[in-house]
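Keep the 3D view open as you read.

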Amino acid sequence: MTSDAPRGVEAPPELVQLLTPEGERVEHPDYDIELTDEEVRSLYRDLVLVRRVDLEAVALQRQGELGIWASLLGQEAAQIGSGRALTDADMAFPTYREHGVAWCRDVDPVRLLGLFRGVNHGGWDPAEHNFHLYTIVIGSQTLHAVGYAMGMQRDGAEAATIVYFGDGATSQGDVNESFIWASVFNAPVVFFCQNNQWAISEPLEKQTRIPLYKRASGFGFPGVRVDGNDVFACLAVTRKALQNAREGQGPMLIEAFTYRMGAHTTSDDPTRYRVADELEAWKLKDPIERLKAYLFKNQIADQEFFDKIDAEADALGKDVRRRCLEMPDPEPEALFQHVYAAPHALLDEERDQYLTYLAGFER
Amino acid sequence: MTTLTLAKALNEGLRRSMEDDPKVLVMGEDVGRLGGVFRVTDGLHKDFGEDRVIDTPLAESGIIGTAIGLALRGYRPVCEIQFDGFVFPAADQIITQLAKMPLRSLGTLKLPVVVRIPCGGGIGAVEHHSESPEAYFTHTAGLRVVACSNPADGYSMIQEAIRSDDPIIFFEPKRRYWDKAEVDLAAPGLPLDRARIARPGADLTLLAYGPMVKTCLEAAAAAEEDGRDIEVVDLRSLNPLDMGVVAESVTRTGRCVVVHEAPVFTGFGGELAARITEQCFYHLESPVLRVGGFSTPYPPSRLEEYYLPDLDRVLDAVDRAFTY
């Protein structure tokens, strides 16, 4: 493949797929799923709402209200499918792009914006949602997830951990160490790799010469490649992997084959490194359009339903915008808070001196 | 009172902590059946089992990263980094994750992780087995950094560290592991963030921690023959620094020499010298002097006696302090 050829456009044959890009339901011998019409409609709703939140966040960044935003555009099915596979007792460890998983874990979208607006480094309580804080260092969270899963093992919990990372992260030492640890300790953890084909400007072939899911076999656990734009397949495969982990069968690697339709972040310019044809080809596999086609074809939803979801999305977008703008800037004292759990004499002294200094300007 | 080596005192402290709290885990390379290369975890695997005393894969970042995950699940992991020079593969997890996650969570997460690091030279080891990396960690907000110097402190400080809800880098002077002293197993130790006057004196303050406390005590004893009454302060905690004890001592003596094995240049002694100058300026009879390693990598073992501060180099600095 030359460096200018579109990437990942041809679906690889080993892909687990339950819903084609045209919205046709297909069977798979190992993974199948029974969903009620209500469940399918609800999946569609999630996909549309998280895309809307994402678009609003991009707009907020363009208007200077966020410092930066990492868009999930194109990866909604991978995130909603896997996120909806989790039980309340399961634990998820995200990167910084898992806005869809956060949605599935009932994290208020405005909470996600705090980090990108610069009012904090992460503003939700992980224990309240069983959704850990965003991790910006690539791959670090994979080890945290394995450790957490080892804790679940020791607790005898009927639960599993899922950890998200991207194709670029698979080159990180921590990710490879986490594979080793999970394997050796048979930890109840699911590695969910969203292969969106690009690590900022570096295409997949800068990270690997074999399909990523095949890496798992070298570490001693199963790997599977799923159509990451197919919400049914992502849900089915993740559900099974989590169940296996909860039952003591150890870790599994899921490679969700998807595409980053937007820039890496709002600071990035993908026109410098990838061809426009590639995006056009992937638009034909859009995760929302294919589910919409399926809903239409099978008369599971009508235009009234779609209009209602669109209206809900618009209202959500407006609400997120309003509450983002209302987010107060932190007080200077916040500099010194939460660095340590217990009082720290040096820090207290620095805080007192600095606040006294600042107070001098108010006289 | 019981006579214990430093290694055994740490072992007893770990055992006591594990008995007191079932969430305390020990993890690291060779900490299980072998009991650690310095035997600090000796017998724990046999008595507490492999779920609580975990022989890990040979990957330091993995040790710290999974310890963070276990801590998030409510455990209190005590990690052993086998040698000081092996901590660097774990530096990313320590600096970007362990130190910063509590702030990232706005205080909802606590990470009670202890990272034990045998440190310092003097045992005739090969490269990477004799280093003093404390300044890398004292420079990292979110970590507490302590160093024990003797069996009694080893016993109490390790227990205090395990009880702490903050992550702690716990330095153990490996060449003192076999030093014996009386330890009162029932006595409450000093709080972890407090310095201790190891030897009172009136003429000059020697500031030290970890392996150099013993060297300074020997230097003070030798100086006594020259009629000099030297005080030795064992800092115990580097971050936070117990500046109250330090400033009180130097204000009283008027002279100060800082001693550590790590290179002097941008070493922890620089921070001490600056703070003492700020807080004790009008009481100083001489500048704060520093004795430590040179601006070189740690040398081959046949050269380490020239590299490591010893009694004579400490006394030389003491002499210089009295020439002002």
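Before anything else, remember that this is a predicted model. Let's begin with chain A as a whole. It has 363 residues, and a compact globule of that length would have a radius of gyration near 21 Å; chain A has 21 Å, so the two agree. Its C-alpha trace spans about 70 × 50 × 45 Å along the principal axes. Of its residues, 47% count as buried. And if you take the contacts in chain A with a separation of 6 or more, 77% of them come from residues 24 or more positions apart.

What is chain A built from? You'll find 13 helices and seven strands. Five strands make up an open sheet, in the order β1-β2-β3-β7-β6, with parallel pairing. At the edges of the sheet stand β1 (91–93) and β6 (223–227) of chain A; each has a single partner strand, so one side of each is left without a neighbour. Going from one strand to the next, the twist averages 20°. As a reminder, strands of a sheet pair through backbone hydrogen bonds, either parallel or antiparallel.

β1(A) runs parallel to β2 (residues 161–166) of chain A, and three bridges join the two. One bridge to find on your screen pairs A:F93 with A:V163 in β2(A). Lying across β1, β2 and β3 (189–195) of chain A is helix α6 (residues 140–155), which runs at about 170° to β2(A).

The contact takes 34 residues from chain A and 36 residues from chain B. On the side of chain A that touches chain B, the elements giving two or more residues are α5 (126–129), α6, α7 (173–184) and α13 (345–359) of chain A. Which of them gives the most? It is α6(A), with 11 residues.

Next, hop over to chain B and look at helix α10 (residues 268–280). B:F268, B:G269, B:L272, B:A273, B:I276 and B:C280 are buried in α10(B). Why do they end up on the same side of the helix? They cover an arc of only 135° around the axis, which puts them together on that side. An α-helix has 3.6 residues a turn, so residues three or four places apart point the same way. On the other side of α10(B), B:A274 and B:E278 are exposed. The buried residues pack against α6 (134–138), β10 (204–208), β12 (237–239), α9 (243–253), β13 (256–263) and β14 (289–293) of chain B.

Most residues other than glycine have a negative phi, and most peptide bonds are trans. B:T266 is not a glycine, yet its phi is positive, about 50°. You'll spot B:T266 in the loop between β13 and α10 of chain B. B:T266 has 12 other C-beta atoms within 10 Å, so it counts as exposed. A:I200 also has a positive phi, near 45°, and is found in the loop between β4 (198–199) and β5 (202–203) of chain A. With 13 other C-beta atoms within 10 Å, A:I200 is partly exposed. Last stop: a cis peptide bond, with omega about 0°, joins B:N239 and B:P240. B:P240 lies in the loop between β12 and α9 of chain B.

Definitions and conventions: Residues numbered from 1 in each chain as written. Chains lettered and ligands numbered in written order. Predicted model: local features only at pLDDT ≥ 70, side-chain atom pairs only at ≥ 80, totals over all residues. Pairing = 2+ DSSP bridges. Helix = DSSP H or I, 4+ residues; strand = E, 2+ residues; numbered from the N terminus. Axes fitted to C-alpha atoms, helices over the stretch in contact; angles between N-to-C directions. Contact = placed C-beta atoms within 7 Å. Rg over C-alpha atoms; globule rule 2.2 N^0.38 Å. Buried ≥ 20, exposed ≤ 12 C-beta atoms within 10 Å, placed from the backbone. Arc of directions from axis to C-beta.
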